[in-house]
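The sequence and the model are shown below.

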Amino acid sequence: MRKIAVFGVSGRMGQMLVQATDEQPGAVLAAAVERAGHGWIGQDLGQAMGGAARGLVVTDDIDAALAASDVVIDFTAPDATVALAARAAQAGVAHVIGTTGFDDSHLAALAEIATRGHIVRAGNMSLGVNLLVTLARQVASALGAEYDIEIIEAHHRHKVDAPSGTALMLGQAVAEGRGVSLADMADRGRDGMTGARRDGAIGFHAIRGGDFIGEHDVIFAGPGERVTLRHVASDRALFARGALRAAMWLEGRAPGEYSMLDVLGLGGR
Ligand SMILES: NC(=O)c1ccc[n+]([C@@H]2O[C@H](COP(=O)([O-])OP(=O)(O)OC[C@H]3O[C@@H](n4cnc5c(N)ncnc54)[C@H](O)[C@@H]3O)[C@@H](O)[C@H]2O)c1
Ligand SMILES: O=C(O)C1=N[C@H](C(=O)O)CCC1
C-alpha cells in the first residue's frame, strides 16, 4: 500500500484529498497535517470533517507525518510548500504539489530541491486542462502572431492568487508555441489609459466571485475570426483524483520535478 500524507487537510482541497485517497486502490491515508495552531490539531480527522471517528489524529508534527508516509500531497500556500519540499526530500518522501501562487524565488528553490527530491508540481491536476495546455501550444504555433492571445480565468471568491496557476500554465504553453518568453510578453489586468494593444502581448484577466471552481478561456483573436479554447471544472474532486494519480505514478521514479504532462503521458513540462 502507498502511504499518503495530506498537508493542509482542513482546506477545500485537503478534504477532497482525504476522500480521493480513500477511493484510490493501493493507497492508504497515513497522516493528516495542518498548520500549527489550527483548530483541527489533536482532533480525530473523521470527526473534524463532521463524520465518524477514523482513528487518525490531525497533527502539526511534519517530521512524524513524513516518517509515516511514502508521499505527501500538498495544496496549501507557497512558503509552506517550499519549506515542506526541503523536509520531504531530506526524509526521502515524494511530494505532489498542487499549490499555486509561486514567485520566481519559490520556483528556483523547488528546482534546486528536485535535484534530490521527487516532485510532481502542476497548477492544475486535471486531465482536461493538461490536454488543453498541449492544444494551446499547438494553436499558438499554427495561428501566428497576428492572432492576439487573451487568457481569462474565473475562480471562487476565496482564491488568493492571480493569475491562476492554470492560466500561467496556459500562458507558458502559448508563449512556447510562439517561441517567445512569457515574462516578456505577459500583460496582466489592464486598467486606465493603457494605449493600444502591444503586438504579441499575452493578456491575463482574473474574475473572482461566488463558487466558481475554475474556468479558463484562451482566446485567439485574429483578422475576421476568433478561436476560443475553454475548460470548465465542475467538481473540485477532479483535482484531487489527479493528485492521487501523480502520487501513485511517482513510485520508483528518479529524482526530479515532474509535471502532470509527464504523469498523463502528454509530454514533459
Ligand atoms: N493544482 C490544482 O489542480 C489545484 C486545484 C485546486 C486548488 N489548487 C491550489 O491549492 C491551494 C489550496 O487551495 P484551497 O482552495 O484548498 O485553499 P484553502 O485555503 O481551503 O486550504 C489551504 C489549507 O492549507 C493549510 N495550510 C496553510 N499553511 C500551512 C502549513 N504551513 N502547514 C500545513 N497546512 C497549511 C491551511 O490551513 C488550509 O487548511 C491554492 O494554492 C490553490 O490555488 C490547486
Ligand atoms: O481553487 C483554486 O484555487 C484553484 N486553483 C488552481 C489554479 O490556480 O489554477 C486550479 C483551479 C482551482
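Glu257 is found in strand β11, which spans residues 256–258; here helices (H or I, at least four residues) and strands (E, at least two) are DSSP runs, numbered from the N terminus. Because its relative accessibility is 23%, Glu257 counts as partly exposed; the classes are buried under 20% relative accessible area, exposed over 50% and partly exposed in between, with a 1.4 Å probe and protein chains only. Between the C-alpha atoms of Glu257 and Ala175 there are 21 Å in space, and the two residues are 82 apart in sequence.

The model is predicted, so local features need pLDDT of at least 70 and side-chain atom pairs count only at pLDDT 80 or more, while totals for chains, interfaces and linings use all residues. Residues are numbered from 1 along each chain as its sequence is written, chains are lettered from A and ligands numbered from 1 in the order in which they are written, and side-chain values use heavy atoms, with hydrogens and water left out.

**Aromatic contacts**

The structure holds one aromatic pair. Trp249 and Tyr258 form this pair in an edge-to-face arrangement, with 5.0 Å centre to centre and 80° between the planes. Rings of Phe, Tyr and Trp (its six-membered ring) pair if their centres lie within 6.5 Å; planes under 30 degrees apart count as stacked, over 60 as edge-to-face and the rest as tilted. Trp249 is buried, because its relative accessibility is 17%. Tyr258 also counts as buried, with a relative accessible area of 17%. Arg253 lies over the face of Trp249, 3.9 Å from the ring centre; the criterion is NZ of Lys or CZ of Arg within 6 Å of the ring centre and within 35 degrees of the ring normal.

**Pockets**

On a 1 Å grid over the protein atoms alone, a pocket is an open set of points where a 1.4 Å probe fits, with protein on both sides within 12 Å along at least five of seven lines; lining residues have an atom within 4 Å of a point. A volume is the space filled by probe spheres set on the points.

| Pocket | Volume | Lining |
|---|---|---|
| Largest pocket | about 920 Å³ | 42 residues |
| Second largest pocket | about 780 Å³ | 31 residues |

Arg12, Met13, Phe75, Thr76 and Thr99 lie nearest the centre of the largest pocket. Two or more residues of its lining come from each of α1 (12–23), α4 (78–91) and α7 (165–178). The lining of the largest pocket has 16 nonpolar, 19 polar and seven charged residues, where Ala, Val, Leu, Ile, Met, Phe, Trp, Tyr, Cys and Pro count as nonpolar, Asp, Glu, Lys and Arg as charged, and the others, Gly among them, as polar.

In the second largest pocket, Leu107, Arg121, Leu168, Met169 and Gln172 lie nearest the centre. The largest share of this lining, six residues, comes from α7. Domain 1 (2–121 + 236–263) and domain 2 (127–233) both give residues to the lining of the second largest pocket, so this pocket lies between them; the domain bounds come from an automatic or database domain assignment.

Gly177 is found in helix α7 and counts as buried, because its relative accessibility is 16%. The C-alpha atoms of Gly177 and Asp74 are separated by 30 Å, the residues being 103 apart along the chain. Pro163 has its place in the loop between β6 (148–155) and α7. The peptide bond from Ala162 to Pro163 is cis, with omega near -5°.
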